[in-house]
Amino acid sequence: MPFDLGNWESQVRKGLLELVLLTLLQRGERYGYELVRATRDALGSAIIEGTVYPILTRLARDGLITHRWSTDDTAQPRKYYHLTPDGLAALREMSDRWLKQDESIRRLLTESST
């Protein structure tokens, strides 16, 4: 059976979604579908709503984000998400760990190609 590069890439993307969502929310409050679009733009891939919303629910359950309902801009209520102080602390820790892992993997790949 040949290696499924698409599946590998999908798994990597799923692992990054929490980091991406928290980073987007650090930049400001956003409603759900806006987060889906921004996540697609950030990762350059077809992220679907069914992937993002369960993660937002889990982040809220964990106290990293919270939400409010608003009908300010539209007749349809929108749920706006924003980062909590715990979410900001988690984002900083996740970012630090990501950057360290990225540096280690870059070094490994560079050494492997020489």
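Modeller: Let us start with helix H2, whose buried residues are Gly32, Leu35, Val36, Ala38 and Thr39. This is a predicted model, in which local features need pLDDT of at least 70, side-chain atom pairs count only at pLDDT 80 or more, and totals for chains, interfaces and linings use all residues. Residues are numbered from 1 along each chain as its sequence is written, and side-chain values use heavy atoms, with hydrogens and water left out.

Colleague: What does buried mean?

Modeller: Buried means under 20% relative accessible area, exposed over 50%, and partly exposed in between (1.4 Å probe, protein chains only). Helices (H or I, at least four residues) and strands (E, at least two) are DSSP runs, numbered from the N terminus.

Colleague: Against which elements do the buried residues of H2 pack?

Modeller: Contact means heavy atoms within 4.5 Å. The buried residues of H2 pack against H1, strand S1 (30-31), helix H3 (49-61) and strand S3 (78-83).

Colleague: What follows just after H2?

Modeller: Glycine 44 comes there, with a positive phi of about 60°.

Colleague: Is tryptophan 69 buried or exposed?

Modeller: Tryptophan 69 lies in strand S2 (residues 65-70) and is exposed, because its relative accessible area is 55%. Leaving aside residues up to four places away in sequence, tryptophan 69 touches Pro77, Arg78 and Lys79. Its C-alpha atom is separated by 8.9 Å from that of tyrosine 81, twelve residues apart along the chain.

Colleague: And where is valine 12 found?

Modeller: Valine 12 belongs to helix H1 (residues 5-26). Valine 12 is partly exposed, since its relative accessible area is 34%.
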